Amino acid sequence: MPCRDGTECVAQEYVCDGEKDCVDGSDEEGCAQLCDSPGAFHCASSTMCVGANERCDGVPQCPDASDEMGCWSPTQDCALRCDAATRCVPESWLCDGHADCLDHTDEQGCVPKKCSPSEFPCHSGQCVALALRCDGDPDCRDGSDEEGCAMPRPLLCRPGEVACPRSGECVPEAWQCDGTADCRDSTDEQDCPLEDQQCGEQQWGCSHGHECIPDTWRCDRESDCSDGSDEAGCQPAPCLSHEYPCGLGVCLNASLVCSGQQDCADGSDEGGNCSLPCQRHCSQLCYPSPQGPRCWCAPGYQLAEDGMSCVDVDECTEQGKGTCSQICLNAPGTYSCSCLSGYLLEPDGHICKLGGPEPMLLVAVQSEVLSYGLRSGREEVLLTTDKERTVFSLDYDLVERKIFWMDLATESISWQSLDSSKKGTLVKGVRSDCIAVDWLGRNLYWTDGVAGQVLATSLGAAWRGKPEYTVVLDGDLEQPHSLVLQPLAGMLYWSEVGKQPRLMEATMDGRRQRVLLAQGLGWPTALALDLPTSRLFWLDEKLSSVGSTHLDGTDVKVLQLRWVQSPFAAAVCEGQLYWSEGKAWSVQQVDKATGKNRTVLLKRHGQPHGLQVMHPALRLPAPSPCTAHGCSHLCLLSSQHAGQCRCPLGLTLAADETTCLPLHTSAFALLVSPAAVMQVYLKDMPPTAGVQGLPPHRALPLAKVGRLTAVDYTVKDKSLYFTEVGGNSIGLLRLKDSGRLSWKQVVAVEGTVVSLAVDWLSGNLYWIEGQPTSIRVAAAGGRWTLVLLSEGLRGAAWLALCPRASTMCFITAAGSRRPGAAVECAAMDGSGRRVVWRRAHSPAGLTFGGASTRLYWADQERGAIGSVELDGSHFRLVREGLHGLKLFAIGDGFLLWSTTTNNGSSKVWHSRLEQAKSWWFLMEQELVALRIYSPFSQEGTNGCTKSNGGCAQLCLPNPAGRQCRCSPGYHLVRGVTCAPAPPCPALLQPCADLQSCISTQQVCDGHPDCADGSDELGCTSEEAKTQVPVVSSSRTSLAEEEKPAVPSAAPQQPSPSLPAAPGPQKHGEPFLVTPNTEEVLGAMPCSSETCNLRGECAIEAGRVMCHCALGYRGDYCEEAEVQPLAGPIALGVAVLLLLAAAAVGALAYMRKRDRRRRTSSTASTRVLTLYHRESDPEEEDEEEEELPPKSDTFVNEAYDGKEELPARLGKGPSRPNTVLP
């Protein structure tokens, strides 16, 4: 506005503001006229006035902003101002039957709320859905929704129901004599017998014997027994420091003592030494008393031990007072209460109450989900499913406004929108007692009591025919039942109802699993989390109790209440505990702190299950740590505001810890240094040579490990077994899907473990231990152990298992007269021990090639990697020229090996098996082991895969099935069970395995009488020395095992590839397959020896044929011909001598030809092998051996054609064998 003199302009807001802004003061002239206008507001601190339209417009025009003061309009959060405009009452608090204002204006002028057209107005003022009108269940508090219903009387009541005698309706049997009249004629509460109650350990029996109350209700100054006996004979409460105790237990204010007027009923506050003056040096107050002057303290303080000084009372820490319902702040002499976000403090200054919308109780009843207003009692049906389906457990998500529920009939978790009819299926093929929504991490969790697991899936998942969930917790859980989440802290809590019931906690990614409570529990079937008080509540079906504990497991409180009979689900809201009662078909509530004031909220002709309280303050929003994680699939919350990426079933987490990969790309290598284990996925191997440092990898957390000596890994369980130098046990580090680490000592060992291997099908653990050297086995978990082999194991190392073929192999040192080593194999029960290769010089490893049954080893001296089948046949030179070879690994089509540089670091070389090209990267650490694993390499089955093969202790697989064994101190009973071994009678001594007793004469008699052969160990007799060291689990003597196998006449089924596994063997027999005649002769060289030196050998049509000399016949010239005419005997003798001389010459020639064939790279079109001669390895030829040729035609001296190779049992496809040039 321009000033009158035209020299300047002032803003409109400065006009009539009480200050002259124009030089001529024209901006303040005529302002009185504005104040005279209708509705004008006069500013409080000046003569300025503002127009009516500028009052309470959100912009202050008055200099003191008084035009915006006192402005208020009703909102949902502040529908009423009371107590001199100092308190706002939310709309949901109005007319709820509870005065929230000191002047009670929130409960004045209340009229019944108008119900919507889809609701029925109850006479009690409630609104219930029209669908609940005349449904047979009273939903109005006064039952008016069931009045005037033209419903025919039922002819018959359903099972579990009884008919009301006069009114005719049916009510559940559990509703009889429950204290509430459910029949319209009230006959269900008539003639109820008074039975004497057997009170529990934590209950007190009322005098008349018909009632039991919790111990804590005794002498709490509230009468809980109907006869008042619980308050009889109780001591009065002690007086406070500012109070004087009268003689009858009444407390009197200290200021009234010695006042000249009797205030105590017994007059004990007057007389005595009241006249004595106060001369004590009291820190606060000094009052006279009949006992003389005393120091007193003001309220909020208490007298110290010196009787003169006063100390502050911390009302917030005193137990049992319920000072504040949520947050308590102590101050000198006083305290104050406050509330969490979303709550408002009541006028009493102690209790917090939910603000905002009305809290709603969601209840699953049979095939429906009901919503019940906890303030108004408004009841409606949220969703309805098919009648044959049951809504079991439920939860909600306010972010996307959905309700989720578990459907037992379809074994699925479904959802439906709260705002529309949209619905869908989250996951199928699951059964659960409880589901829980993580509104922060956007996941849904559930328990599987049968599998003993807690699982999770994304809230945004949609069923597409395959599961997209992950296992959060497994293995150590015993029938998990109820589950609650605390996403703001990243914690989950669950109950277990197995043989050892307990309450557990863990982070929401499955880490840091901990027992919260394991005592005083029966069947904790319902859990509820109360965040404002940081307490976990549970209801116990077996003990009929309600309990609670602080979230750290302390301050446990238990109340045994007779109306807790079959609780299923529970929830806490404000000061109340709600639960669904299956036996009484009702939803009930009690005071969460005392268990008193029980109220039945809902009673329906249907069993209630899931239950939740829905309110925004119970699901507070917060920034999710998973937002910036970039997980490809699932992100699970953990403590300290962090998250972890997880993968659904069928996928595995890559080394970047964010991306999920299909299992077929999940093969990885373990690079083991003396104190660390690195996991590198094969797909991440660098495609160039000379890379400095490791490729993308994950370090497995091995803390405080000295020097590792051996490791093995099971992919399915993510379990790393390891031993270290100087250690006295085999350790286990479990890396579960949850990311949780579990350390454990599996089994104790006595000596150094040089090699170990895990049977990933049965869980058995095998290892080589010395000194003296032995191969041992332990059952899964390490409880039972056994020495499997102990003889002929000089220099034993590099133990390898092929569980699908039930075979183990290892390397032993050759004899003293022969350098090098031998590769031996045996069944995994120790039977059928055999040598499959004798020509290894300095082996640096032994392994099976992934899913195949081929055995690979490396020869450091020759820089080569060789391979044979399990029976020693089909030798192949896989790779040669690997100078400086130290370690190697083969699997998933990859070949890895390591070499050592001059400075002690390691080069790790990698190559595809079918390619000659290789690359390497540098590691600064020394390598002690190198392994390759994949899920496909550990598939299959053997005789001990399921239920430990039915064995009580050790189940040891073999190609024919399995053999049950017992640990030392036990003997086998009926082939499967184990019983403690009885002591031996007099004059007898026990075998080493305590399985049997022998006499002194049977020791070192050349015949093994003990099952473990221990009676012939350490013998010096010549007879004992001749025994071949074959360890058998049977009582068959070693001499019997050395006898030539008797040819079998049983026909053999032809096989296109490998011979079939032998049939079932009798218990106790070693795994020695008896070949038939053609198998034996078919594996022999075709020479004159084949024809018994009586003819020439030839191979025709794939068969060995003998062309017999004159005078002999038979397939192998074994029979002499009978001449029909008698010839001159002298001539016959001469002919025979000539033939013998020719045969000797032919034999010498054939032996020279065979020797040339061994070293020649050109061979016949048929694979020929030498018959394995059972001889001492020390008696072998000592001539220098040459590198074996690179061909399948190479003759392996250790190959025994009599032995059959077990049939392949793995699922994976067999891969063609490749011979690299």
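Strand 59 (residues 774-778) and strand 60 (residues 785-789) pair in the antiparallel sense. Four bridges link them. The model is predicted.

**Hairpin**
- Six residues lie between strand 59 and strand 60 in the hairpin.
- Gly 781 sits in the turn and has a positive phi of about 95°.
- Val 777 has Leu 786, in strand 60, as its bridge partner.

**Asp 712**
- Asp 712 belongs to strand 53, which covers residues 708-714.
- Its relative accessibility is 7%, under the 20% cut-off, so Asp 712 counts as buried.
- The Asp 712 side chain makes a polar contact of 3.2 Å with the side chain of Arg 931.
- Another polar contact, of 2.7 Å, joins the side chains of Asp 712 and Tyr 933.
- Leaving aside residues up to four places away in sequence, Asp 712 also touches others, including Ser 719, Leu 720, Tyr 721, Leu 756, Ala 757 and Val 758.

**Nonpolar cores**
- The largest nonpolar core has 55 residues.
- Leu 361, Ile 413, Leu 444 and Trp 446 touch the most other members of this core.
- Strand 21 (residues 360-365) gives the most to this core, with six residues.
- Ile 413 touches Leu 444 and Trp 446, among others.
- Further contacts of Ile 413 include Trp 405, Met 406, Thr 425, Leu 426, Val 427, Val 430 and Ile 435, with residues up to four places away in sequence not counted.
- A second, separate core holds 26 residues, among them Leu 492, Cys 631, Leu 637 and Leu 653.

Terms used
Residues are numbered from 1 along each chain as its sequence is written. This is a predicted model: local features need pLDDT of at least 70, side-chain atom pairs count only at pLDDT 80 or more; totals for chains, interfaces and linings use all residues. Side-chain values use heavy atoms; hydrogens and water are left out. A nonpolar core is a set of buried Ala, Val, Leu, Ile, Met, Phe, Trp, Tyr and Cys residues joined through side-chain atoms within 4.5 Å. Buried means under 20% relative accessible area, exposed over 50%, partly exposed in between (1.4 Å probe, protein chains only). Helices (H or I, at least four residues) and strands (E, at least two) are DSSP runs, numbered from the N terminus. Contact means heavy atoms within 4.5 Å. A polar contact is a pair of N or O atoms within 3.5 Å; within protein, one must be able to donate a hydrogen and the other to accept it, and residues adjacent in sequence count only if both atoms are side-chain atoms. Two strands pair if DSSP finds at least two bridges between them.
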